[in-house]
Amino acid sequence: MSTSSPVQEPPAATLSAASLHDFPGTLVLVGAGKMGGALLEGWLRLGLEPARIAVIEPQPSREVAGLTARGLKLNPAINRAREPNALVIAVKPQNAAEIMPWLAQMGGTATVVLSIMAGKTLDFLAQALPPGTAIVRSMPNLPAAIGRGITVAVANERVTPAQRALAHKLLVATGAVEWVDDESLLDAVTAVSGSGPAYVFLLAESLAKAGAAAGLPPDLAARLARATVAGSGELMRHSPLDPARLRESVTSPGGTTAAAMGVLMSEERLDQLMRDAVAAAARRSGELAD
Ligand SMILES: NC(=O)c1ccc[n+]([C@@H]2O[C@H](COP(=O)([O-])OP(=O)(O)OC[C@H]3O[C@@H](n4cnc5c(N)ncnc54)[C@H](OP(=O)(O)O)[C@@H]3O)[C@@H](O)[C@H]2O)c1
């Protein structure tokens with residue numbers, strides 16, 4: 001292993017200095033489950049006043065219910081949540097059909113609708129909402145739950161620059177945000193960052209099994225694999241080096257890591273496997289979309 005440290009200064013601007021202290025109006029969150037709850041937590045962290053938020057959620061968590069003491073409105077009548085600046089849809093896609101007619105009555109001309117529902121296209125949302133509604137479709141991923149997610153967003157033509165900036169601030173509360181103009185990229189995005197956390201968990205599982213096969217007690221192998229994947233991810237987050245440079249920095253010629261790389265990289269084995277996996281996920285995302 002090389003002794004040179006791959007860790008340097010953290011890249012600038014990976015964590016945005018966004019603030020929601022100056023959020024101008026009101027916001028409605030529909031669905032405060034895992035993702036909606038993570039967004040809400042992030043907004044509060046960025047300084048959004050609970051009194052500016054209405055949450056529609058049939059089974060609110062204790063934390064969400066507790067926020068009513070700070071002015072958050074929980075399951076208000078529709079006329080008390082009308083025409084918010086942002087209407088964030090964070091229910092499961094299978095609940096979309098039941099809520100859309102109802103949400104259609106809530107939005108106003110100044111409202112930007114921000115959906116995080118997997119597979120629900122801008123077209124589906126536009127069909128269900130009043131003509132001319134400003135809509136942002138986005139795809140977050142699981143590390144959003146700890147503020148380390150990455151979300152890809154796409155806006156329809158009705159979204160103004162100010163609404164896009166607002167949507168960006170709302171999404172950045174759970175991590176990084178990337179914008180694309182071409183909605184068809186969302187299938188590949190889903191296959192890379194949406195489903196990606198599962199590939200990383202599988203890597204930890206697979207490394208643990210290989211460790212046990214190499215003679216380690218299985219529980220020790222599992223602890224080593226888990227800490228190695230988590231620690232390497234954290235190191236990558238703090239390093240300005242790209243993954244290939246990081247890999248090279250720990251691969252001495254003729255050493256132990258190089259021997260393993262010879263197996264993983266010969267004939268692009270891992271690359272080919274990953275390409276097939278991502279292509280399958282992207283295909284499935286396209287099949288499920290509406
Ligand atoms: N989790 C992820 O990693 C991930 C990644 C990318 C995208 N997403 C998207 O994020 C969205 C939310 O996923 P999630 O994992 O957060 O799901 P979740 O934990 O099940 O949250 C959805 C919440 O919406 C509530 N809900 C159901 N019907 C409702 C209604 N009519 N009005 C208001 N609230 C209602 C649910 O309440 P009940 O529990 O009572 O049904 C639940 O609390 C999904 O569309 C998913 O595609 C999630």
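**Notebook: helix pair, sheet, ligand**

I began with helix 7 (residues 196-213) and helix 8 (residues 218-238), whose axes come within 8 Å and cross at roughly 145°. The model is a predicted one, and I read every value below as computed from it. I looked up the hand of the crossing of helix 7 and helix 8, and it is right-handed.

Next I listed the residues where the two helices meet. From helix 7 I noted Val-200, Leu-203, Ala-204, Leu-207, Ala-208, Gly-211 and Ala-212. On the helix 8 side I noted Pro-218, Ala-221, Ala-222, Ala-225 and Val-229.

I found an open sheet of eight strands with mixed pairing, in the order 3-2-1-4-5-6-7-8. Which strands stand at the edges? They are strand 3 (73-74) and strand 8 (175-179); each has a single partner strand, so one side of each is left without a neighbour in the sheet.

I checked one pair inside the order. Strand 4 (residues 86-89) runs parallel to strand 5 (residues 112-115), and four bridges join the pair. Within this pair I traced Val-88 to its bridge partner in strand 5, Leu-114.

I followed this with the helices on the sheet. Helix 1 (residues 34-45) packs on it and touches strand 1 (27-30), strand 2 (53-56) and strand 4; the direction of helix 1 makes about 155° with that of strand 1. Helix 3 (residues 96-104) lies across strand 1, strand 2 and strand 4, and I noted an angle of about 175° between helix 3 and strand 4.

Last I looked at the ligand. I counted 22 residues around the ligand, the closest being Lys-34, Met-35, Glu-57, Gln-59 and Val-91. On its own the ligand has 880 Å² of accessible area, and the protein covers 79% of that.

Technical notes:
Residues are numbered from 1 along each chain as its sequence is written. This is a predicted model: local features need pLDDT of at least 70, side-chain atom pairs count only at pLDDT 80 or more; totals for chains, interfaces and linings use all residues. Side-chain values use heavy atoms; hydrogens and water are left out. Two strands pair if DSSP finds at least two bridges between them. Contact means heavy atoms within 4.5 Å. Axes are lines fitted to C-alpha atoms, for helices over the stretch in contact, and angles run from 0 to 180 degrees between N-to-C directions. A residue is near a molecule or strand if one of its heavy atoms lies within 4 Å of it. Accessible areas come from the Shrake-Rupley method with a 1.4 Å probe; for residues, only the protein chains shown count as cover. A crossing is left-handed if the near helix is turned anticlockwise from the far one by less than a right angle, and right-handed if clockwise.
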